[in-house]
Amino acid sequence: AMYVVGSVVLLASIAFALAWWWLPTLAERKQEIVQYLSDRIHLAVEIDQLETFWSGLNPGIRARGFRLAARAGGPQAISLNEVRLILRWRPLLTGRIAIEELALVEPRLAVERLPDNRVRVTGLAALSANQNTENPVDLIDWLLQQGEIRLEQGELTWIDRVTDAPPLTLKAVSLRLSNDGDTHRASLAAAFPPALCKRCAVEVEVRGNPARDSDWQATIGLDAVGLDMTQLPPVIRDRLPGAPAGVLTTNLGLRWQGGRLTAASGRVNARDLRWTPPQREQPLALGLVDAALAWESNPSRTQLTLTDLRLAVEGSPWQAGRLTLDLRDGRGELNVGQLRVRDIARLAQGVTDHPWLASANPAGWVSDLRLRWSAAAGALKSFEVQAGLDGVSFAPVDRLPGASGIDGRLTLEPAQG
């Protein structure tokens, strides 16, 4: 056993010594490295200066004046002050070059969503026309095949050719992307436009290639302060159910499947919220929603749970406790711990525009509300309401009498009440 251990240690020492001796010669092989990169990403690569260094036990190359173009001698598509490559040391012993990590320093990139929903780096429009391989590997595919990519102090502009929305530019971008086969993990922090977000950070895990596949899956962690949903780029906003609007402060986890949002959970504080329920034209308007949220949706069922819920439509907020909503197969059930009648009447007025709600000025409190219903072809078939009443009042309207100080338990069904 001692001979085996000694042999392994000796072999590792020889390999490390060879790598240490081999590394300085890489700076003299600039043209070979340029050709290697050009072959892998099918772009013309230019480098002004090469330097070598060690990162722990890993050999590396620092390229200054790094430029990409669609073809040799063509206009630049990407220019970077510096690129750092951390190399796999074992292939170096046989004279080969393999990249373990890639760091881009102060890049200026513009990414476009094309009219056919494909994604490309601006300036590479001629890329497909210049590629003659049967199965070309474009820049995005190549990036997703690397072990790790870091972007430091960058500037990223998103351009949407589908909607022609104004470009979105992020500054001081710090991005880390790790790839393991079809699984890609990324973390992003940046200085967002103040109108969009005061402070935002994102962590993403994706299975598949969103630029090419339609069945990709993703989980997204969002930590945001002052995120204005109306300022989100359309590629995100258009995929959110109910066209939500408002300003969010949240620590939220999102799950996407097949390019569709299917689940969300976390703490949410939303102010000036607007959301359009399914099969409704008028949005619900809330001054404040503050709660721990759990939401799931698929083509046949939607479930929402809000705990430790604070609500406000107009004026000061109140504690609503726990809210659950379950929608499936034409049936629905809503449970709420406590509701302020005045605010709920204002909320319902925005949906139904019933004249009684505007004139009766209902007030008081409802507790332990349970509402069940079923519908078919857009028509209500049955319903059931159970709730506790505390100091409920409303004014007379036309021939309908008024009431005040109503306490007790309410049960309401089509056949009885």
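Visitor: Is E82 buried or exposed, and what is its relative accessible area?

Guide: E82 is buried, with a relative accessible area of 12%. Buried means under 20% relative accessible area, exposed over 50%, and partly exposed in between, using a 1.4 Å probe and protein chains only. A word on the source: this is a predicted model, in which local features need pLDDT of at least 70, side-chain atom pairs count only at pLDDT 80 or more, and totals for chains, interfaces and linings use all residues. Residues are numbered from 1 along each chain as its sequence is written, and side-chain values use heavy atoms, with hydrogens and water left out.

Visitor: Where is E82 found, and which residues is E82 in contact with?

Guide: Strand β3 (residues 76-87) holds E82. Helices (H or I, at least four residues) and strands (E, at least two) are DSSP runs, numbered from the N terminus. Contact means heavy atoms within 4.5 Å. Once neighbours within four places in sequence are set aside, E82 is in contact with R62, A63, R64, A103, L104 and V105. With R62 there is also a polar contact, side chain to side chain, at 3.2 Å. A polar contact is a pair of N or O atoms within 3.5 Å; within protein, one must be able to donate a hydrogen and the other to accept it, and residues adjacent in sequence count only if both atoms are side-chain atoms.

Visitor: How many helices and strands does the chain have?

Guide: Eight helices and 20 strands. The chain has 417 residues, and 38% of them count as buried. Among contacts with a separation of 6 or more, 48% come from residues 24 or more positions apart.

Visitor: Which strands does β5 join, and in what sense do they run?

Guide: Two strands pair if DSSP finds at least two bridges between them. Strand β5 (residues 108-113) runs parallel to strand β7 (residues 148-160), with six bridges joining them. With strand β6 (residues 119-121), β5 pairs in the antiparallel sense over three bridges. E112 shows both pairings: its bridge partner in β7 is I159, and in β6 it stands opposite R120. V111 has W158 as its bridge partner in β7. As a general idea, side chains in a regular strand alternate between the two faces of the sheet.

Visitor: What lies between β5 and β6?

Guide: They form a hairpin with five residues between them, and N117 in the turn has a positive phi of about 75°.

Visitor: Where are E106 and D164 found, and what are their phi values?

Guide: E106 sits in the loop between β4 (99-105) and β5, and its phi is near 50°, positive in a residue other than glycine. At 34% relative accessible area, E106 is partly exposed. D164, also not a glycine, has a positive phi of about 55°. Its place is the loop between β7 and β8 (168-180), and it counts as exposed at 61% relative accessibility. The strands β7 and β8 run antiparallel and are joined by eight bridges, with T157 opposite T169 in β8.

Visitor: How many disulfides does a search of the whole structure find?

Guide: One. A disulfide is a pair of cysteine sulfur atoms within 2.5 Å. Here C197 is joined to C200, with S to S at 1.7 Å. The torsion about their S-S bond is about 90°, so the disulfide is right-handed. Both C197 and C200 are buried.

Visitor: Which residues have the most contacts inside the largest nonpolar core?

Guide: In soluble globular proteins, nonpolar side chains tend to be buried together. A nonpolar core is a set of buried Ala, Val, Leu, Ile, Met, Phe, Trp, Tyr and Cys residues joined through side-chain atoms within 4.5 Å. The largest one has 79 residues, and those with the most contacts inside it are V45, F66, V83, L227 and L309. Not counting residues up to four places away in sequence, L227 touches L196, C197, C200, L222, L232, G246, V247 and L248. That list brings us back to the disulfide cysteines, C197 and C200.

Visitor: Where does V202 lie, and how far is its C-alpha atom from that of G221?

Guide: V202 lies in strand β10 (residues 199-207). Beyond its neighbours within four places in sequence, V202 is in contact with A186, S187, L188, I220, G221 and L222.
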